[in-house]
Amino acid sequence: MQCTLVHIKINDNGVIFDYRLATSPFDVVLNGATFTATGDLLKITDSEETNEISKTGITVQLDGLNQQFQAEIDAGNFVRAPIDVYIVNVPDGTNVVDTYEFYHRGYCDTPTMNVDYDSGTVSIGVETTNVFTDLDRIPDLMRSSMASHSSRHNGDKFYEYVANGEGEAIWYI
Amino acid sequence: MDFPSGLIISNVKIKHNIPTLFNRALNKKATANDRGIHIIEGSFDVTISSDADKRAIEAFLLRLRGRANPFFLRLGNRFTSASPVSGAKVLGFHTAGDDILRLQTITGNITNGDLFTINNSNKVYMALENISTGSDFLDIYPPLRKDTSSETPVNFTDVAIQARLTSDVQEISYNEGGLIHVLTFNWEEALD
C-alpha cells in the first residue's frame, strides 16, 4: 500500500506539538512515530524540483471544519512551522512503513482559509517554502557597504566608493 | 439513525470502489499500487404510496441534512452471511493494517464473500475465504482500520452499512397524479 504522510511541527509558545497526518485508511507508523488517518488531509499540490536552489514550496490543504486547525491559525502557530511530506510504502498485513522518500521538506507560511459555499467545502491552505528559503536572505551584517564595514573595522575606508544598496532583511514572527 | 423500515426498495445497485495508483506506459505495460482503501457505494429507488410513508421519508431526509449526517442501511439477503454465523469474536490483539483476522468461538460456517462488521468500527469488511466452526484465521479485505483487541465481537448477521448521501439535493417525483412518490437515493459508505 502506498500513501502520503505529512508532519507539521507546531511551536505554541515553547510547547511543541506534532501534527502527523496520513492519507492511508488506517494509522501508519514511520520510524516509531504514528501518523493518524484522520480525514484532515484534503489535497497536496505538486512539488517542483529544479537544479537551481529556490524557495519553491507546495500547498497542503487541511480540513477547515476541524476547529483545532483554526485555533492554531489564530495563535499564529503555523508560520515558520517545519513541515515534512513523505511518500511511503506499507507492506500488506501491517501498518509499519518499510520504505519512504521525502516528497517535500520546508517551512509553513501564513495559512489561508478558503470557504466555498458553492461546492460546500471549507479548507485551510498551508503554503510552504522549502528548506533552502534561508539562503535567499541577505545576511544583515555582511553587506558590502561603508557603514557595515566601518562598524567592524573602525577607520577602514575600503568600501568608501561602493554604491550603497538597500539590504533585504526578511522579518518573521 | 436507521433508514425507515417497511418501504419498497427497488433497482438496488452496489459498487465496490477500491482506489489505486495506476500508470500505463506507452508500451502498454502497467504498474499499480494499492492504497488500502475500500468504500461501498450504491443507489436504490424508493416507491411510496401511503401518505404516512411519504411524509416520513421527507422527514428522514431533513434529519439527514444532505451529506451532513450518516444513516444505517440494512439491505438483508446479500448482506447476511450465506449460512448462519454466531458468536464470532476476535482472538488476540490485532494492529491496524492486519489483513488476517483470527477468530474464536465461531458457530456456523463463514463463506468466501460474506460481509461483516467489527464492533469497534462501522466499516463493512469482506471475508475472502471459507472457514468453519471453531477458531481460525480469516483473510479479509480491506485491512483492519483500527487496532482491535481480543474478544471484540464480529457480526455476520444482518450487516448494516453506515452510509451517507452523495448529494445535498434530494428529488422526489410525484407520479400518477401525486399518488405515487418515487425517490432515488445515491449513497456511499461513511468511513470512520
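Modeller: Take B:N112, which sits in the loop between strand 7 (100–106) and strand 8 (115–118) of chain B. Keep in mind that this is a predicted model.

Biologist: Why is B:N112 called partly exposed?

Modeller: Its relative accessible area is 49%. Buried means under 20% and exposed means over 50%. B:N112 falls in between, so B:N112 is partly exposed.

Biologist: How far is B:N112 from B:L138, in sequence and in space?

Modeller: The two are 26 residues apart in sequence. Their C-alpha atoms are 9.7 Å apart in space.

Biologist: What makes up the secondary structure of chain B?

Modeller: Chain B has 1 helix and 14 strands. Its C-alpha atoms fill a box of roughly 55 × 50 × 25 Å along the principal axes. Of its 192 residues, 39% count as buried.

Biologist: And what does chain A contain?

Modeller: Chain A has 2 helices and 10 strands. Along the sequence the pattern is β-β-β-β-β-β-α-β-β-β-β-α. Of the 173 residues in chain A, 34% count as buried.

Biologist: What makes B:R55 and B:D51 a salt bridge?

Modeller: The rule asks for a side-chain nitrogen of Lys or Arg within 4 Å of a carboxyl oxygen of Asp or Glu. The closest N and O atoms of B:R55 and B:D51 are 2.7 Å apart. That is within the cut-off, so the pair counts. Both residues lie in helix 1 (residues 51–64) of chain B, 4 residues apart, about one turn of the helix.

Biologist: Which residue does A:R105 pair with?

Modeller: A:R105 forms a salt bridge with A:D84, with the closest N and O atoms 3.0 Å apart. A:R105 lies in strand 8 (residues 99–108) and A:D84 in strand 7 (residues 82–89) of chain A, so the pair ties together parts 21 residues apart in sequence.

Biologist: Why is A:D84 called buried?

Modeller: A:D84 has 14% relative accessibility. The limit is under 20%, so A:D84 is buried. A:R105, at 40%, counts as partly exposed.

Biologist: How do you know that A:D18 and A:K9 meet in a salt bridge?

Modeller: Their N to O distance is 3.5 Å. The limit is 4 Å, so they qualify. A:D18 is partly exposed at 25%, and A:K9 is partly exposed at 34%. Over all chains, the count comes to 8 salt bridges.

Biologist: Why do such side chains pair up?

Modeller: Side chains of opposite charge can pair when their charged atoms come close.

Biologist: What makes A:M113, A:V115 and A:Y117 a patch?

Modeller: They form a nonpolar patch on the surface, with about 360 Å² of accessible area together. A patch residue needs over 30% relative accessible area. A:Y117 has 75%, so A:Y117 passes. A:Y117 lies in the loop between strand 9 and strand 10 of chain A.

Biologist: Why is the bond joining B:Y141 and B:P142 called cis?

Modeller: Omega is about 0° for that peptide bond. Most peptide bonds are trans. B:P142 lies in the loop between strand 10 (134–141) and strand 11 (154–155) of chain B.

Biologist: How much space lies in the largest pocket?

Modeller: About 1,500 Å³. It is lined by 41 residues, and those closest to its centre are A:T38, A:G39, A:D40, A:L41 and A:L42. Strand 5 of chain A gives the largest share of the lining, 4 residues. The lining divides into 19 nonpolar, 10 polar and 12 charged residues.

Terms used:
Residues numbered from 1 in each chain as written. Chains lettered and ligands numbered in written order. Predicted model: local features only at pLDDT ≥ 70, side-chain atom pairs only at ≥ 80, totals over all residues. Heavy atoms only, no water. 1 Å grid on protein atoms, 1.4 Å probe; cavity = no way out; pocket = protein on both sides within 12 Å on 5 of 7 lines; lining within 4 Å. Points joined across faces, edges and corners; volume = space filled by probe spheres on them. Nonpolar A, V, L, I, M, F, W, Y, C, P; charged D, E, K, R; others polar. Patch = residues over 30% accessible without salt bridge, like charges linked within 9 Å, V, L, I, M, F, W, Y side chains within 5 Å. Areas by Shrake-Rupley, 256 points an atom, 1.4 Å probe, with all protein chains shown as cover. Buried < 20%, exposed > 50% of the residue type's maximum accessible area, 1.4 Å probe, protein only.
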